[in-house]
Amino acid sequence: MVANQLRRRGIHDERVLGAFAVVPREAFVGSDQQDKAYADYPLPIPHGQTISQPFVVALTAAALQVKPTDRVLEVGTGSGYAAAILATLAARVDTIERFEDLANAAAVALASYGNVAVHHGDGTLGWPERAPYDAIAVAAAAPEAPPSLLQQLAIGGRLVVPIGNADRQMLTRIERTSETDYKRYIVCPVVFVPLVGREGWPE
Ligand code: SAM
């Protein structure tokens, strides 16, 4: 996976590649999907949701430029796989999932990661108790960057979020450069499940 799906497609961040080499994807994949654990496409999880394609998780992690001292927020825990990758790169990860049973299952899968807290709730509102964050990853498609997440970014912090309609989005990196200023650029086109919540799409 690291050589063929990530490095060959242009992921060159050695810390990100190292995280993919040590996190066992099969630990986050259902028992009926074990033979596809390292497949080059998203895998289904309950509620019609997905574990993102490894390449898209790697693109997000690389665009976030996570440092070992960083405090990270992930919106859309799903299986917990991306949270495990981020926890390998950062000091601390808070991850939020809107479906309680997914949050509970992910907490079990992530139990050996001492620096991850899994929360159940509407991640479009962030997790203000632990803000500010040096990096925020949104793993579901938003109509626009949620204002609460922009507000919970530290100055110098990076937010990576897919922005667009239900069919197609642009993975967008937004860096907070001052109290009031944000710099954004497009990473690439992607397709994610919708971000459903107060500052996302309606139910
Ligand atoms: N990062 C996940 C992984 O590694 O398995 C994959 C995430 S999946 C593509 C998107 C997830 O976002 C789904 O589990 C979905 O329930 C969740 N989601 C959607 N809207 C949300 C919201 N407002 N707050 C928290 N989670 C949300």
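Biologist: Let's start with the second largest pocket. How many of its lining residues are nonpolar, polar and charged?
Modeller: This is a predicted model, to be clear. In it, the lining of the second largest pocket has 6 nonpolar residues, 3 polar ones and no charged ones.

Biologist: Which residues line that second pocket?
Modeller: P42, T50, S52, Q53 and V56 are in the lining, together with V190, V191, F192 and V193. The volume of this second largest pocket is about 150 Å³.

Biologist: And what is the volume of the largest pocket?
Modeller: About 250 Å³. It has 18 lining residues, and F28, G30, I45, P46 and S79 lie nearest its centre.

Biologist: Which elements give two or more residues to that lining?
Modeller: Those are β1 (43-45) and α5 (100-109). The largest share comes from α5, with 5 residues. By class, the lining of the largest pocket has 12 nonpolar, 4 polar and 2 charged residues.

Biologist: Which element supplies the largest share of the cavity lining?
Modeller: That's α3, with 4 residues. Elements that each supply at least two residues include α3, α4 and β6, along with β2 (49-51), β3 (71-75) and β4 (92-97). The cavity lining divides into 20 nonpolar, 11 polar and 4 charged residues.

Biologist: You mentioned A140. Where is A140 found?
Modeller: A140 sits in the loop between β6 (133-138) and α6 (147-151).

Biologist: Is A140 buried or exposed?
Modeller: Buried, because its relative accessibility is 8% and the cut-off for buried is under 20%.

Biologist: Which residues is A140 in contact with, leaving aside its neighbours within four places in sequence?
Modeller: A140 is in contact with P162, F192, V193, P194 and L195. Take V193: it is 53 residues away from A140 in sequence, yet their C-alpha atoms are 5.3 Å apart. F192 and V193 also line the second largest pocket we began with.

Biologist: Let's move on to α6. What does the side chain of S148 make a polar contact with?
Modeller: S148, which is in helix α6, makes a side-chain to side-chain polar contact with E199 at 2.6 Å. Setting aside neighbours within four places in sequence, S148 is in contact with E199, T124 and L125. S148 counts as buried, with a relative accessible area of 12%.

Biologist: Last topic, α2. Which of its residues are buried?
Modeller: In helix α2 (residues 14-22), the buried ones are V16, L17, A19 and F20. Seen down the helix axis they fall within an arc of 155°, so they line one face of α2.

Biologist: Why would residues three or four places apart point the same way?
Modeller: Because an α-helix has 3.6 residues a turn.

Biologist: What do the buried residues of α2 pack against?
Modeller: They pack against α1 (2-6), α3 (54-64) and α4 (81-89). The face turned away from the buried side carries the exposed residues A21 and V22.

Biologist: And what does a side-chain oxygen of D13 reach at the start of α2?
Modeller: The oxygen comes to within 3.0 Å of the backbone nitrogen of R15.

Key
Residues are numbered from 1 along each chain as its sequence is written. This is a predicted model: local features need pLDDT of at least 70, side-chain atom pairs count only at pLDDT 80 or more; totals for chains, interfaces and linings use all residues. Side-chain values use heavy atoms; hydrogens and water are left out. Buried means under 20% relative accessible area, exposed over 50%, partly exposed in between (1.4 Å probe, protein chains only). The arc is that of the directions from the helix axis to the C-beta atoms. Contact means heavy atoms within 4.5 Å. A polar contact is a pair of N or O atoms within 3.5 Å; within protein, one must be able to donate a hydrogen and the other to accept it, and residues adjacent in sequence count only if both atoms are side-chain atoms. Ala, Val, Leu, Ile, Met, Phe, Trp, Tyr, Cys and Pro count as nonpolar, Asp, Glu, Lys and Arg as charged, and the others, Gly among them, as polar. On a 1 Å grid over the protein atoms alone, a cavity is a set of points where a 1.4 Å probe fits but cannot get out, and a pocket is an open set with protein on both sides within 12 Å along at least five of seven lines; lining residues have an atom within 4 Å of a point. Grid points are joined across faces, edges and corners, and a volume is the space filled by probe spheres set on the points.
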